[in-house]
Amino acid sequence: MASTSFLTLPSGQKMPAIGLGTWEAKTQEEVQTALDTALELGYRHIDTAWVYENESAIGQVLKKWLSSGKLAREDLFVTTKLPMVGVHPDRVETFMKKSLENLQLDYVDLYLIHFPVGCKYEEGAVRPLINENGEVETEPKTDHAALWQKMEEQVDAGRAKNIGLSNYNISQIETVLKSARIKPANLQVELHVYLQQRELVDFCQKNSITVVAYSPLGNPGYNKFLEKMGKQPRNLTNILDDPVINELAKKHSKTPAQIVLRFLIERGVAAIPKSVTPKRIEENINIFDFSLDGEEMNSLCNLEIGETARVCDFKVFGGLDKHPDFPMNSSVLSVFYLFLLVHYYYLGIMSISTYNEEILPDLLPLYYKRVFPVAVFHKWLCYGDSTKFNRREISFTLVGDIYLRYQAFGSVEEFAQALHKRFPIKIDIGAVYEESLHMRSCVGVKTPLEREVVFDIDMTDYDEVRTCCSGADVCSKCWKFMAIACKILDAALKEDFGFENILWVFSGRRGIHCWVADKKARALDDNQRSAVAENLQIVKGGQTTRKVKLPQNIPYSLQRALRIVDQYFEKAVLVEQDILGTNDRVKDFLQNVEENLRPLFKEPMLKYQTSVERWNAFQNTFQKLSKEQKFPKYLKHMVEEIKLYYSYPRLDINVTKSLNHLLKAPFCVHPKTGKISVPFKAKFVDNFDPSTVPTICQVLDEINVYDAKTKEQEKALMETSTQSLDEQVNVKIKDYKKTSLLKYVTVFNEFLRGLQNAAAKTNSAKKGAAMEY
């Protein structure tokens, strides 16, 4: 049975989901038997590597099949790998050509960097050199960018159709992605039911990197390899003996190996089980006539053990794990890096008073470690029910525009650990799903159940009416549009829809976000959210003359909006924006008037010079013509419509309509400005000045200054007191309380208290007791 499942690479080429692994197939006889059997059975995906020392044997078999006409070259998908002795920019082409010569092919379909550590090389050597201490002689730190550039040149030269990585961790893949012209098409790693690597798989799939699992059966014969290497055997659990797997095998009339391989296929992962035994080769590809349902997949997902189940840890090569690019040391390196960063900061070596986007990746570890209010953030998203948190999507954007979607965390500690490990430049919040998202990559996307009703107002949507700035630029003049929008929307949500728990947040650059967190709001479906959004959207786009169309009887909600607009219109729109200050602006303004009526207004308006005078002339002319009944009835509110056109909130209603639409979380750092996305109160929006919002540099400096003063005070106290320092200082102050961020966290806490009070009222009415929030 040929593979009927394929993974599509970014190039468009399809890779069969089951391939033949050839590691440890050394002799010509073993290779010929295995490969002939596999090709007869329909295998078309063949995986090898320079270091396997079997490329030549594989090449002879492939040449026989291709020469006979049984197969065309395009029928095959052949993968080989750059060895560790070739992990150097100067050696990539050399080893690529050697592999092609061995395989007797003009090109390979996929060429992988076998391992992210380079080793010293002597001509003719196959394996890394070993020093007198029995350790591998490695090159200095790998230049991943330069190495990848040479890999790209193999595609340019036609030697490889696709290029990728093997045994790289997320951090190392990110490094490659930052400089890549041709992005990695594939990652090959150890992956099986005991070592599921969900975060890594999820990361790759979000970045269009296919994943191939080696040792998909757990490699039960690995101890034989250790014996050959003169190493002690390890106590490895045999996956194929697992009772859960065997029960499923019995249910489906399949072998345990077939169940484990099908599990990977269901996850969207390809597999290359190795074998030289014809019966097992046939068994491994015979997995496309059955499937596993969600319950069965969950039972297999629950078998996850983690890193302790890793078979190929590469520590068999002595000293390799000491190299800074050893991929299984990523978490240790991250902690070490953070320690150095904090240490240097305290010593005053790092000066961060002025923000620059290039230094953000260096500052975020400190920010997430010391400042980001993780506890209150977690408290909010739980809504009094801790199970909501592990069902809530929290998306990370990493440096290089790398997206990690559909993440969820089981606890506040797990969330904090993820922040400290990943240092996202942006955090987005999605919906609460029906089931935990921890199993997402095993059983597919879940159904969104609830989320806040959210609104996104961006200053760029006002570019057609503001004159002071454009694009991403914002000043105190055009910020008045945000103040008007906030007041109108806040009043509508409270008075028209009855919502009470509303959080307003500055985006960090040029807009504001609104989170409506009432229980009844969170329960709205997409149709209901769309109805709310459409009700609040009155400024229409397109080429129509009248962008706002009011009914004959203006509803109370828009009368209220007009009263708010009137508080600002003259100063903010007429004077500061000066919308009628030039003849061209008058012309633009009159586009809101029907073409045949424009001359009636233009002449009297141009008699004056200032925007206020010209606006008054417009109103007076309108009143005069109205009395003379020169307007149709549907234009009776033209003055009000124009006011609303210039002032009413311009919503991105698609953000509001969808239950699972992402929106940036409060307290993120905007990468362009360094400003923190902070909450504010709607009733004080007139006093909110975006130019004074603290930056990441500012709050970290404030902590440094505070701690320096505290140390001076402690020193002085020690000199005049007989008490120990522990007796004198017994209160640990949270770091954000040492900064100008404190007042914004206080606003957030007030919002949480409102939620708590609402929950307590609801629970008290039902049970006669307050709800713990």
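Tutor: Start with one term: contact means heavy atoms within 4.5 Å. Keep in mind that this is a predicted model.

Student: OK. Which residues is Tyr-744 in contact with, leaving aside its neighbours within four places in sequence?

Tutor: Tyr-744 is in contact with Phe-667, Val-678, Pro-679, Phe-688, Thr-692, Val-693 and Pro-694.

Student: Where is Tyr-744 found? And is Tyr-744 buried or exposed?

Tutor: Tyr-744 is in helix α28, which covers residues 742-767. Its relative accessible area is 6%, and buried means under 20%, so Tyr-744 counts as buried.

Student: How far apart are Tyr-744 and Val-505?

Tutor: In sequence, 239 residues separate Tyr-744 and Val-505. In space, the distance between their C-alpha atoms is 9.7 Å.

Student: Next, the core. How many residues are in the largest nonpolar core?

Tutor: The largest nonpolar core has 236 residues, and those with the most contacts inside it are Tyr-367, Trp-380, Phe-601 and Leu-741. Helix α17 (residues 479-496) gives the largest share of this core, eleven residues. Apart from it lies another core, of five residues, including Tyr-406, Ala-431, Tyr-433 and Leu-437.

Student: What does Leu-741 touch, not counting residues up to four places away in sequence?

Tutor: Leu-741 touches Tyr-367, Val-371, Phe-667, Ile-676, Val-678, Pro-694, Val-699 and Tyr-736.

Student: Changing topic: in what order do the eight strands of the open sheet come?

Tutor: The order is β3-β4-β5-β6-β7-β8-β9-β10, and the pairing is parallel. β3 (20-21) and β10 (270-271) are at the edges with a single partner strand each, so one side of each has no neighbour in the sheet.

Student: How many bridges link β5 and β6?

Tutor: Four bridges, in the parallel sense, pair β5 (residues 77-82) with β6 (residues 110-113). Leu-82 stands opposite Ile-113 in β6. Helix α3 (residues 92-103) lies across both strands, at about 140° to β5.

Student: Which way do the residues of β6 point?

Tutor: Leu-110 and Leu-112 point one way from β6, Tyr-111 and Ile-113 point the other way, and all are buried. In a regular strand, side chains alternate between the two faces of the sheet.

Student: And β8, is it mostly covered or mostly uncovered?

Tutor: Mostly covered: five of the five residues of β8 (residues 186-190) are buried. Asn-186, Gln-188 and Glu-190 point one way, while Leu-187 and Val-189 point the other way. β8 pairs with β7 (residues 163-166) in the parallel sense over two bridges, and Leu-165 has Leu-187 as its bridge partner in β8.

Student: Last one. How many cavities of 30 Å³ or more does the structure hold?

Tutor: Two. The largest cavity has a volume of about 50 Å³.

Student: What lines the largest cavity?

Tutor: Among the lining residues are Leu-20, Gly-21, Val-31, Ile-58 and Ser-275. β3 and α1 (28-41) each supply at least two residues of the lining, and α1 gives the largest share, three residues.

Key: Residues numbered from 1 in each chain as written. Predicted model: local features only at pLDDT ≥ 70, side-chain atom pairs only at ≥ 80, totals over all residues. Heavy atoms only, no water. Pairing = 2+ DSSP bridges. Axes fitted to C-alpha atoms, helices over the stretch in contact; angles between N-to-C directions. Buried < 20%, exposed > 50% of the residue type's maximum accessible area, 1.4 Å probe, protein only. Core = buried A, V, L, I, M, F, W, Y, C linked by side-chain atoms within 4.5 Å. 1 Å grid on protein atoms, 1.4 Å probe; cavity = no way out; pocket = protein on both sides within 12 Å on 5 of 7 lines; lining within 4 Å. Points joined across faces, edges and corners; volume = space filled by probe spheres on them.
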